[in-house]
Amino acid sequence: MGYDRDEHKEACSFCGKSYDAVQRLIQGGHNTFICAECVELCYSIIKQDDLRPPQPRRAVRVPAPAEIKRHLDEYVLGQERAKKTVAVAVHNHYKRLMHAELDEVELEKSNVLLIGPSGCGKTLIARVLARSLEVPFAIADATTLTEAGYVGEDVENVLLKLIQAADYDIERAQQGIIYIDELDKIGKTYHNVSITRDVGGEGVQQALLKMLEGTTANVPPHGGRKHPEEKYIQIDTGRILFICGGSFNGIHELVAKRINQQSIGFGREGGGEDENISAMLDQVTDDDLVKYGLIPEMVGRLPIVAPLMPLTEDELVRILVEPKNALIRQYQKYFEFEGSQLEFTQKGLREIARAASEKDTGARGLRSVLERLMLEALFNLPSAAKGSTYVVGPAVVRGERPMVEQRKRKGA
């Protein structure tokens with residue numbers, strides 16, 4: 001029963017806090033009491049110990065690199081070298097796990113670093129990999145992480161996301177994939193040298209090192225800051241595949257200077273500069289990454305570097321229509337739900353790609369263009385006549401005229 005009398009001197013029999021400190025005590029036999037905080041702590045310990053009965057290790061089916069790449073091809077267009085590099089790295093990682101206890105040769109952990117402009121497919125590659133392998137997957141943003149003791153998200157909370165994705169099955173979580181985005185944003189360069197502690201830069205890299213290399217980490221079961229009285233979840237990060245990504249804007253200039261070529265910019269006119277940027281990204285070395293701001297130890301934990309190239313307008317057009325989850329197919333499905341059809345002319349698709357290209361956000365720009373374009377039509381569609389067809393041409397994309405019903409379908 002609850003204990004909330006006006007006058008009392010009792011305290012929690014577990015933590016010793018008085019009623020005034022906890023505002024509520026639950027009374028048991030022999031004049032014992034427990035506060036709500038200790039009840040919650042006890043529940044978390046019981047939940048952690050009894051989440052599920054011990055399960056045998058479930059082996060991940062390891063497809064051949066060619067099979068992994070074929071699956072990536074269904075969702076990620078272009079980026080041939082990056083997809084092959086990642087496919088080989090993932091295949092070798094899970095082969096290493098399968099034979100780690102059987103082979104006398106110690107195989108080192110090979111995490112992956114994806115380098116390329118925003119919207120070129122870095123996150124999508126990691127997500128598709130996890131889905132195709134049927135392993136738990138978690139995403140973290142490096143810019144939200146801080147050193148222990150600072151306000152922000154502890155590095156261990158990245159592991160908690162993976163554990164939660166595995167439904168607290170630790171064995172399964174240890175077979176998962178973690179994608180850490182915006183790694184370039186925590187680089188410490190001459191641009192942000194500070195005499196104070198580096199809360200979100202080099203210190204975070206140091207905190208990530210052991211996790212990337214492989215260690216037994218203590219993870220708070222509820223996230224947040226560690227509590228000295230809380231029982232932690234232990235997880236071996238040596239079996240987790242880490243894929244890190246970042247745009248690394250300007251690193252092509254470091255490469256150009258190193259090989260004595262003229263520095264180039266990120267302009268989009270004519271496509272020639274994009275080709276030069278691609279050529280520079282293809283030659284990024286460990287020294288370039290260190291000069292950019294990653295500490296040498298971090299670069300050593302990411303031995304496999306896969307460059308992703310800027311997307312051309314032709315590739316943006318293909319992204320609109322070819323992948324299994326193509327945006328055009330998604331919007332067409334919404335129109336089908338309302339008994340209508342949505343069509344795009346080839347020039348209309350080209351105009352959408354051109355507008356997205358101007359945003360300089362890669363494939364992400366496609367969605368923002370389409371959201372603006374489809375807003376009015378989707379707002380009015382449920383109330384419109386059924387059996388209609390809507391056609392999107394370049395004039396509609398440019399906003400020169402609204403998207404309206406063009407014609408009735410046959411038999412409508």
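Let's start where Lys83, Val86, Val90 and Tyr94 in helix 4 meet Ile125, Leu129 and Leu133 in helix 5, with contact meaning heavy atoms within 4.5 Å. By class, this contact has six nonpolar, no polar and one charged residues; here Ala, Val, Leu, Ile, Met, Phe, Trp, Tyr, Cys and Pro count as nonpolar, Asp, Glu, Lys and Arg as charged, and the others, Gly among them, as polar.

Before going on, please note that this is a predicted model, in which local features need pLDDT of at least 70 and side-chain atom pairs count only at pLDDT 80 or more, while totals for chains, interfaces and linings use all residues. Residues are numbered from 1 along each chain as its sequence is written, and side-chain values use heavy atoms, leaving out hydrogens and water. Helices (H or I, at least four residues) and strands (E, at least two) are DSSP runs, numbered from the N terminus.

Helix 4 (residues 80-99) packs on helix 5 at an angle of about 40 degrees, their axes 12 Å apart. That angle makes helix 4 oblique to helix 5. Axes are lines fitted to C-alpha atoms, for helices over the stretch in contact, and angles run from 0 to 180 degrees between N-to-C directions. Angles under 35 degrees count as roughly parallel, over 145 as roughly antiparallel, 65 to 115 as roughly perpendicular and the rest as oblique.

Helix 5 (122-133) also leads us to the largest pocket, giving the most to its lining, with four residues. Strand 6 (177-181), helix 14 (327-337) and helix 16 are among the other elements that each supply at least two residues. In total 28 residues line the pocket, and Gly119, Gly121, Leu124, Ala363 and Arg364 lie nearest its centre. By class, the lining has 13 nonpolar, eight polar and seven charged residues.

Ile352, Ala353, Ala355, Ala356 and Lys359 of helix 15 make the contact with Gly365, Leu366, Ser368, Val369, Leu370 and Leu373 of helix 16. These residues divide into eight nonpolar, two polar and one charged.

Helix 15 (residues 346-359) has another partner in helix 13 (residues 313-321), where the axes come within 9 Å and cross at roughly 115 degrees. Helix 13 brings Glu313, Asp314, Leu316, Val317, Leu320 and Val321 to this contact, and helix 15 brings Gln346, Leu349, Arg350, Ile352, Ala353, Arg354 and Ser357. By class, the contact has seven nonpolar, two polar and four charged residues.

Notes
On a 1 Å grid over the protein atoms alone, a cavity is a set of points where a 1.4 Å probe fits but cannot get out, and a pocket is an open set with protein on both sides within 12 Å along at least five of seven lines; lining residues have an atom within 4 Å of a point.
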